Amino acid sequence: MTSRFVYADNNATTPLHPEVQKALIEALPVYGNPSSMHGFGREARSRTEAARETVASFIGALPEEIIFVGSGSEANNTVLSIMGCPATDCTCDRGQRTHIVTTTIEHPCVLETSGCLSGRGTPVTLVPVDEYGVVDAERLADSITDQTGVVSVMMANNEIGTIQDIKALAKIAHDKGAFFHTDAVQAVGKLPINVRDLGVDFLTLSAHKIYGPKGVGALYVKRGVPFCPLIRGGHQERGRRAGTENTLGAIGLGKAIEMRSLEMADEESRFRVMKERLKQGLVDTVPDIWFNGHPTASLSNTLNVSFAGAEGESILLYLDLEGIAVSTGSACASGSLDPSHVLLATGVPIERAHGSIRISLGRENTLEDVDYIMSKLPGIIARIRDMSTVYRRK
Amino acid sequence: MSTHQSWAYTDKVKDHFVNPRNVLREDDYEEDGKGIVGNIQCGDEMLVVIQVDKEAGIIKDCKWRTYGCASAIASTSALSEIVIGMHLDDAFKVGPKQIASALGQLPDNKIHCSVLGDKALRAAINDYYERSGQPEKVIREQSRIVCTCMNVTDLEIEDAVLEGARTLIELQEQTKMSTVCGKCKDEAETLLKVYIKKHFQ
């Protein structure tokens with residue numbers, strides 16, 4: 001058995017921050033329903049509202065602009081479903097503009113919701129990205145019509161780490177009278193974010209990507225922006241998301257955000273050093289590789305690399321045997337027959353997408369972890385290439 | 001961390017993945033037959049080469065190279081072990097089920113990896129017949145692929161019926177056909193009726 005474990009799949013999910021774990025354990029006995037007027041309810045409510053204030057202040061929002069939800073996917077589903085809702089006979093004040101503009105590299109929860117709406121008659125436009133995964137701002141602007149309800153662009157991509165100029169894109173949308181949503185699940189807690197400065201109308205975030213618990217996220221909805229609940233039947237979250245509040249989840253998210261505000265500033269430079277060491281190490285030791293994503297406008301914790309002649313799932317599983325956890329854009333690992341839609345959207349040839357892995361660093365990773373990865377990865381690639389039909393030792 | 005108690009696949013797959021048998025490493029291997037199937041664009045490509053005892057018609061040696069996932073690598077490795085020492089006629093009949101069972105079964109979405117291995121072997125055997133001046137022995141597969149996602153042919157559907165499949169669900173369970181895009185469902189149901197009638201009615 002391997003002597004060391006290195007978890008380098010932090011864009012998939014993160015380990016709980018020890019402080020979050022403590023806060024959760026401490027909060028476990030809080031069982032009151034925040035909607036109840038008695039003391040048990042009031043305690044749960046005050047804890048939930050304190051968490052809401054923490055989340056709001058972290059992104060420069062007002063507490064009433066934060067809706068706790070069950071996941072980033074739920075938040076994204078909500079925004080697209082209400083803004084692209086084809087119904088014209090309800091009392092929702094969204095207006096008649098239903099056209100959705102989004103991009104080819106969004107998370108499946110955005111793309112599939114858009115696809116579903118499209119099937120019901122909502123017009124949807126997917127804006128392409130360049131070879132680095134940067135959204136084509138001109139094409140985006142051209143796509144927005146007087147029928148466009150919302151423009152949705154991911155702030156930082158989960159697979160390749162590319163960061164979009166959200167402020168500029170939001171302005172383009174607003175200039176044409178459309179609302180703007182950003183899926184900031186991978187950006188919150190890694191990049192400084194202020195919703196007023198960005199000028200976004202909706203923003204999605206998730207707890208488990210920032211060392212918080214799974215099953216809780218938040219949706220920022222700017223005051224005055226039309227809204228309609230996706231989950232109905234309760235007055236919770238100011239009538240915008242029915243269902244008894246996940247008090248424990250909200251407390252966990254609040255604590256995770258609090259810890260991010262203390263720790264994220266120092267992390268950036270640390271990750272840059274680690275990522276650079278990984279890149280340089282790979283360039284020095286492994287021939288025929290390609291880095292995917294933007295060389296600079298990219299999350300400092302995310303490195304996506306393709307290897308000629310080596311299939312991603314094999315790489316992932318050989319690394320797993322050494323105690324190293326990464327992910328891959330290969331089709332095999334996903335159970336589908338197509339490799340990563342993000343890599344393909346950036347124009348990466350299909351075989352290079354099959355041969356890609358993503359290393360995503362987290363707060364617990366060290367330079368020793370990077371050295372451990374580099375002590376194993378080149379040998380693994382050589383070994384896989386040695387039995388590959390398409391890559392021969394030179 | 002305690003997640004290493006079980007692996008993504010069976011222990012046998014892991015064994016073949018970690019210690020692959022009969023990998024073709026030499027550049028000057030003198031093969032009597034060679035077959036290559038799959039496509040790197042689809043994520044799997046397999047090369048199988050054989051040396052044949054011409055008197056006895058037995059596969060003396062079988063080597064391979066594979067581009068693909070763990071189960072693709074393990075499938076080709078297991079195949080090479082199965083067929084060394086086998087008569088060509090028997091080796092020609094080795095199917096994905098035999099490979100999967102030698103590996104202690106594969107997950108449903110990985111069966112197609114093992115389908116490629118036996119195809120590559122049959123291509124190598126046919127290549128041997130061509131090269132050794134016995135073109136009359138080449139068996140061109142008369143089958144036709146019905147399910148392109150899972151590479152399932154009409155002959156495999158017939159086999160499944162002979163083995164007891166009577167409904168589309170049973171057919172899907174046995175062959176894994178019609179489990180991806182579903183385009184072949186109608187044809188699968190038609191063929192199911194045809195073969196049930198042919199053999200059992």
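Which residue in strand 3 of chain B is the bridge partner of B:Met46? Before following that pairing, note that this is a predicted model, in which local features need pLDDT of at least 70 and side-chain atom pairs count only at pLDDT 80 or more, while totals for chains, interfaces and linings use all residues. Residues are numbered from 1 along each chain as its sequence is written, and chains are lettered from A and ligands numbered from 1 in the order in which they are written.

The partner of B:Met46 is B:Thr66, and this bridge belongs to the antiparallel pairing of strand 2 (residues 44–53) with strand 3 of chain B, which extends over nine bridges. Strands here are DSSP runs of E with at least two residues, helices are runs of H or I with at least four, and both are numbered from the N terminus; two strands pair if DSSP finds at least two bridges between them. In chain B an open sheet of three strands has the order 1-2-3, with antiparallel pairing, and its edge strands, each pairing on one side only, are strand 1 (33–39) and strand 3 (58–67). Neighbouring strands of this sheet are turned by 15 degrees against each other on average, direction ignored. Helix 2 (residues 70–83) of chain B packs on the sheet, where it touches strand 2 and strand 3, and its direction makes about 175 degrees with that of strand 3; axes are lines fitted to C-alpha atoms, for helices over the stretch in contact, and angles run from 0 to 180 degrees between N-to-C directions.

The contact between the chains takes 25 residues from chain B and 21 residues from chain A, where two residues are in contact if their C-beta atoms, placed from the backbone, lie within 7 Å. Helix 1 (11–18), strand 2, strand 3 and helix 2 of chain B each supply at least two residues of the side that touches chain A.

In chain A, strand 10 (residues 302–307) is largely enclosed by the rest of the structure, because six of its six residues are buried, that is, 20 or more other C-beta atoms, placed from the backbone, lie within 10 Å of the residue's own. A:Thr302, A:Asn304 and A:Ser306 point one way from this strand, and A:Leu303, A:Val305 and A:Phe307 the other way. Strand 10 of chain A runs antiparallel to strand 9 (residues 289–292), to which four bridges join it, with A:Ser306 as the bridge partner of A:Trp290. Strand 10 also pairs in the antiparallel sense with strand 13 (residues 356–360) of chain A over five bridges, and there A:Val305 stands opposite A:Ile357.

Definitions and conventions:
Buried ≥ 20, exposed ≤ 12 C-beta atoms within 10 Å, placed from the backbone.
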